[in-house]
Structures are given as C-alpha cells and as structure tokens.
Amino acid sequence: MWVVPFGGTGECKIAACTVDINAECPEELGLVDNTGVFSQTTFTIQNQCSYPVWPALLSNPGAPQLPTTGFLLNPSSYADVSIPASWSGNLWARTRCATDPTTGQFHCETGDCGTGSIGCNGAGGAPPTTLFQITLGSAGGLDTYEVSIVTGFNTPLWVVPWGANGKCSIAGCTTDINAECPTELQLIDNTGETVACMSACTAFGDPQYCCTGAYSTPATCGPTSYSEFFKSTCPSAVTYAFDGGASTCPSATYTITFCPS
C-alpha cells in the first residue's frame with residue numbers, strides 16, 4: 001500500500017509498505033485460508049451484463065481447492081474470491097441457468113458443469129465457453145494466464161491485472177460474438193436465439209480444426225478461416241491450440257469482468 005499526499009506544499013511525507021509481506025511471513029504469524037495456505041491474490045469478479053451469470057471455477061489437478069466453485073452474480077454486482085498461492089485453474093461464466101422445479105436439478109444453457117447444483121465441485125464446463133486460464137507463480141515466480149475461445153464463446157470476458165506496475169497485459173474479448181456468429185457455429189436455444197458461438201473444433205470435431213491426429217503440431221495446424229473470424233473480433237484471446245503464447249505477470253490481483261462496457 002502506497003499513500004501520497006498532495007497539496008501540502010511539500011511538507012508531508014509519503015507513507016507506504018511496498019513489499020508483499022505475505023510471501024515472507026513467518027509461519028506462526030501467517031493468517032491462512034481454509035485451504036491451509038496463504039491467500040496470495042484476489043479475483044474481483046464483476047458482472048456488467050444485463051443478465052445474471054453464474055461464475056464457475058475449476059482447479060487443475062494438484063492445485064489447491066477453492067472455497068467456492070460456483071455462485072450467482074446478478075447484473076451490476078461483484079464478488080471477491082481469495083485465491084491461494086500456486087493455484088492454477090479455469091474460470092468461466094454460465095448463462096441462462098435455472099433449477100428444475102420437478103427434479104430440483106440446476107442446469108445452465110451455456111457452460112453447464114453437469115453437477116445439478118450451483119457449485120461445479122470439480123467438474124468443467126460444457127463447451128463453448130469463454131475461458132480464463134491462469135497459473136499463479138509459475139516459471140520464475142510469474143503468473144501465466146490467457147483468455148481462450150478455443151472451444152468457442154459464450155460471454156464477453158475481460159481480465160485486468162493490478163499491482164504489477166503496469167508490466168502485465170490485459171486479456172479477453174469485449175465483443176459479443178454471438179451476434180456475429182456464422183450460422184454453422186451457432187448454438188441455438190429452443191426459442192431460436194443464439195446463446196453461444198462454437199469453435200469449428202466444437203462444431204465439427206474435425207482434426208484439422210482441433211489440432212489432433214495428423215494435425216497435432218504447430219507445423220500442421222495453423223489458423224483457419226474460422227479461427228481468423230474469432231481472432232479478428234477478439235485479437236487478445238487465444239483462438240486455436242497453437243495460437244501464440246500466454247501472458248505473464250509478476251504477482252498481481254485480477255479484475256475479471258463479464259460484458260465489460
């Protein structure tokens with residue numbers, strides 16, 4: 001924390017603590033979360049959509065489990081989620097969710113986890129989803145992250161890192177691709193509305209689009225007209241398996257916004 005007074009004709013002192021003491025804290029003084037490790041960063045998750053979303057979080061194998069794996073986020077609201085050190089995993093939005101009054105099962109039209117409950121409890125989301133992927137404190141102690149639309153797109157998503165002295169890249173997709181989605185990639189609900197836009201891999205399952213089989217290397221799997229459609233709309237998002245590298249960032253907090261204005 002850094003405090004700078006202004007307007008005091010130079011008579012005032014700056015007050016600060018610029019070191020992340022959590023990283024150096026003696027064990028006996030550490031305040032730990034319910035995963036048993038120091039909470040190293042915070043995800044501030046905002047919903048600027050005109051509709052509710054149900055954010056979901058999935059820890060990668062071997063990563064600490066989070067206290068929440070899914071929750072409701074109404075329009076114009078936000079939630080802070082504490083993320084433990086060395087966490088890696090995924091975050092996405094589920095949309096058009098409801099609980100069946102007969103079965104009591106919770107279900108979403110996009111990004112559904114298949115658990116029948118608001119919490120995803122270790123399950124991933126059904127594609128297509130706009131996916132935030134991150135590993136905290138990876139090689140060299142840097143965070144590694146990207147926004148992926150490799151399986152397709154369901155909601156605009158924008159990720160802004162804070163507290164790293166401007167050294168980190170913003171990632172995401174601010175455009176509602178659903179409104180521009182090619183007909184053959186549209187995921188349609190029972191009213192005929194496009195609720196998500198599938199990638200060519202998700203829509204067709206063809207190895208040339210999925211970068212599998214004979215197309216499993218960067219030399220044999222390049223951009224296609226479909227991935228270029230996504231890239232032209234969302235240049236900072238990853239659009240197919242070999243679409244460039246992830247961003248890196250010194251330890252930061254992250255604001256993750258659905259439908260950024």
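1. Helices (H or I, at least four residues) and strands (E, at least two) are DSSP runs, numbered from the N terminus. With that in hand, the protein chain has 3 helices and 16 strands.

2. A word on the basis: this is a predicted model, where local features need pLDDT of at least 70, side-chain atom pairs count only at pLDDT 80 or more, and totals for chains, interfaces and linings use all residues. Residues are numbered from 1 along each chain as its sequence is written, and side-chain values use heavy atoms, leaving out hydrogens and water.

3. Of the 261 residues in the protein chain, 41% count as buried (under 20% relative accessible area, 1.4 Å probe, protein chains only). For contacts (heavy atoms within 4.5 Å) with a separation of 6 or more, 60% involve residues 24 or more positions apart.

4. Have a look at the open sheet of 3 strands, ordered β10-β14-β13 with antiparallel pairing (two strands pair if DSSP finds at least two bridges between them). Its edge strands are β10 (152-153) and β13 (186-188), each pairing on one side only. Between β10 and β14 (residues 194-198) there are 2 bridges; one of the residues involved, G152, has M198 in β14 as its bridge partner.

5. Strand β14 turns up again in the second largest pocket, where β14 and β6 (88-99) each supply at least two lining residues. The lining has 13 residues, and Y51, T95, R96, N178 and V195 are the closest to the pocket centre. By type, the lining divides into 5 nonpolar, 5 polar and 3 charged residues.

Methods
Buried < 20%, exposed > 50% of the residue type's maximum accessible area, 1.4 Å probe, protein only. 1 Å grid on protein atoms, 1.4 Å probe; cavity = no way out; pocket = protein on both sides within 12 Å on 5 of 7 lines; lining within 4 Å. Nonpolar A, V, L, I, M, F, W, Y, C, P; charged D, E, K, R; others polar.
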